[in-house]
Amino acid sequence: MDVELHPDLEPLKFLLGTWEGAGVGGYPTIESFNFGQEISFTHVGKPFLIYASRTWKIEEDGTLGRPLGMETGYWRPRPDHQVEVTLAHPTGIVEIYVGDVAFNRVELHTDVVARTESAKEVTGGHRLYGLIGEDLGWAYDMAAMGHELQSHLSAQLKKVS
């Protein structure tokens with residue numbers, strides 16, 4: 001059933017759909033790697049987007065390997081081109097981001113990071129999502145494991161639905 005887009009979501013509608021592609025990752029505590037990714041942004045007619053992301057390691061021969069990270073959450077537009085994002089990770093980390101929406105670009109920074117006792121120490125993040133032509137590009141800087149905020153992941157994705 002086709003549900004009408006809530007008017008508050010208008011600034012974020014460029015994100016709607018399923019996006020797939022590849023990216024690169026690295027951090028001082030891990031070896032650099034390539035990954036495949038699928039991101040989906042959906043809605044149910046309420047003033048929020050439903051977000052889900054899954055990633056897989058890309059092996060040296062180009063095939064998809066083992067699953068890597070997953071995250072799910074909600075993107076809530078606020079007045080004056082602001083947005084709030086809640087993300088949950090199965091590794092025991094929950095993040096709240098706040099940021100700005102301008103044209104076809106969203107810039108977010110962490111407001112709160114909470115973790116379970118067994119989760120790795122993540123203390124902050126900065127994310128950027130935006131259209132590059134018809135593709136969705138995104139980058140994630142992370143502060144974790146005693147390291148300052150620095151590049152961790154980036155990808156370029158094509159809309160598949």
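Over residues 8–159 the chain is 71% strand and 0% helix, and the end C-alpha atoms lie 22 Å apart; helices (H or I, at least four residues) and strands (E, at least two) are DSSP runs, numbered from the N terminus. This is a predicted model, in which local features need pLDDT of at least 70 and side-chain atom pairs count only at pLDDT 80 or more, while totals for chains, interfaces and linings use all residues. Residues are numbered from 1 along each chain as its sequence is written, and side-chain values use heavy atoms, with hydrogens and water left out.

**Annotation**
- An unreviewed UniProt entry places the feature "domain: THAP4-like heme-binding" at residues 8–159; UniProt positions are given in the numbering used here, feature names are shortened, and annotations may be inferred rather than shown by experiment.

**Salt bridges around Glu84**
- A search of the whole structure finds eight salt bridges, each being a side-chain nitrogen of Lys or Arg within 4 Å of a carboxyl oxygen of Asp or Glu.
- Glu84 forms a salt bridge with Arg76 at 2.7 Å, N to O, and Arg78 also forms one with Glu84, with the closest N and O atoms 3.7 Å apart.
- Glu84 is partly exposed at 27% relative accessibility, as is Arg76 at 39% and Arg78 at 40%, where buried means under 20% relative accessible area, exposed over 50%, and partly exposed in between (1.4 Å probe, protein chains only).

**Salt bridges around Arg127**
- Arg127 and Glu95 meet through their side chains in a salt bridge of 3.7 Å, N to O.
- This pair links distant parts of the chain, 32 residues apart, with Arg127 in strand 8 (residues 122–132) and Glu95 in strand 6 (residues 93–102).
- Both Arg127 and Glu95 are buried, and salt bridges that share partners join Glu71, Glu95 and Arg127 into one network.
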